[in-house]
Amino acid sequence: MATIELRLSAKVQRETGRHEVLIRFQEGKRFCLYAKSGIFISPDYFEYYIDRGKTEANNVRVPSKLITATKKKAESKGYVLLNRGIICVSNHRVETPEVKWHKQQATQIEQLSKKIAESYEKERGHVENIKDDWLKNIVESFHNPEVCQNKERTIYELAEAYIKRKELSESHARVYHVLIRAMSRYEGFIRGTNRNRKKWAWDINLVTREDIEDFTDYLRKESILVERYPKLFNKLLSEYPNSVKPGHKKIEVRGGNTIIKMRTRLKSLFLWFFEMGYTTNRPFDGIKIGAEKVGTPYYITIEERNTIAEANLHAKWENMTAEERKPAKMPLKTLLEQRDIFVFQCLVGCRVGDLLRLTEDNIHGKMLIYTPHKTKDDGDISFQAKVPLHQKALDIIEKYRGADIKGRILPFITAQRYNDAIKVIFTMAGITRKVEVRNPKTGETEFKPINEIASSHLARRTFVGNAYFKVSDPNIIGKMSGHVEGSKAFRRYRNIEDETLINVINLIG
């Protein structure tokens, strides 16, 4: 049975002294979602039908006197009785502006709770869709019903609204734009090659399951179709609709994992369209997305990490020619800074999107505390990542204290330039061993020098992999890395335990 729990945020509106009501919507272990309600009340004046214990544990003072009474008795004393408790409106029957405001908020909460319950009833047969921002989207549509009446925007404009609404990171938004461009080309391809569908378009109300499957087939064959219809694709790659951001004009061969990811993103778009009330169409119902095929994660050892941290890059730089320095695309000073940032990331394990946002506010003594952007919970502290800072990490923070003009703890550059720097740093430090990787296009296993494929995510894997090797408990490590409980990522690290087993046998041999 699904339940709705309400409590107050610890944050206070400076102008009014009110606290926002936080919502927790849960059904056993199937899902547990959090959202801000957008509704504010004053705990100094009112007994709210919130979870009193958890509210007070959140450092929000609630009046100590709780009055319990029947509805009639409560109203006779100036109280309004709601679902599971009482709002103490006033000790007098005079309705002040403050009292009137809170009566309106009480009604708002009841209506919002009803909307959540009704939306859940519609999803009973599709519980797998109740995840991520499902609850937040309901709250937004509750407060902005006029948005849901806007049926005139194209699917590309709605997709851009999705990117903006989700506050996607630069890299995450980029892959959605790749999908949007592919959708635009597919639309143009259908119109240009099928006489019976010259006016076909991505109409969110009319797209069918068959359209989705046909688009999937198109994604698999697009690189071949480019060669077969060069004139058509020259136009499609040059003349995107105004609402579609242009990109590279070269179509690459796509592997199975890439297509699965694109299908997943497209499904996310249509689920959001449905949740926001833009459409009642659910073309993905009955479609199985499939699971990505991934290899065993590779990462650098603690010794290799220390080699990178201690490498004399100055000497290496001095011995390089101008031509050899060219791939770095940045001065030595920047490379040295990015080397320190990479080592720091290896010590804390956060995603690059979270890394780029860290400020002094995230440092609490010798502890790093932040809310992972990917698993943000809209106010619930249980989803915060907490990482005890190693002395090496503390030294790096102190080294760059006050150096970043944006107030961040380290002098970050863009995520892409950071990845470029990491590859150069690996090469200069001599970390060039070959690792086994899965070719994303062919699915075949191959070996590549680690310096050629190193990136910021390698730092995250290094943290998780080395920690998992020492303590094979995903819950402990996930608390630090920001992985949610039951994360599939940790399944891949179980193969690492083989080395542990071999070491045990060697010890008893």
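The buried residues of α6 are covered by elements including α4 (134-143), α7 (170-193) and α10 (256-275); contact means heavy atoms within 4.5 Å. This is a predicted model, where local features need pLDDT of at least 70, side-chain atom pairs count only at pLDDT 80 or more, and totals for chains, interfaces and linings use all residues. Residues are numbered from 1 along each chain as its sequence is written, and side-chain values use heavy atoms, leaving out hydrogens and water.

**Helix α6**
- Helices are DSSP runs of H or I with at least four residues, numbered from the N terminus.
- Helix α6 spans residues 155-165 and is mostly covered, with eight of its 11 residues buried.
- Buried means under 20% relative accessible area, exposed means over 50%, and partly exposed lies in between (1.4 Å probe, protein chains only).
- The buried residues are I155, Y156, L158, A159, A161, Y162, I163 and R165.
- After α6 comes E167, with a positive phi near 55 degrees.

**G402 and its loop**
- G402 sits in the loop between α16 (391-399) and α17 (415-429).
- G402 has a relative accessible area of 72%, so this residue is exposed.
- G402 and E360 are 42 residues apart along the chain, and their C-alpha atoms are separated by 9.6 Å.

**Cysteines**
- The whole structure has zero disulfides, a disulfide being a pair of cysteine sulfur atoms within 2.5 Å.
- C350 is buried, because its relative accessible area is 0%.
- C32 counts as partly exposed, because its relative accessibility is 23%.

Terms used. Helices (H or I, at least four residues) and strands (E, at least two) are DSSP runs, numbered from the N terminus.
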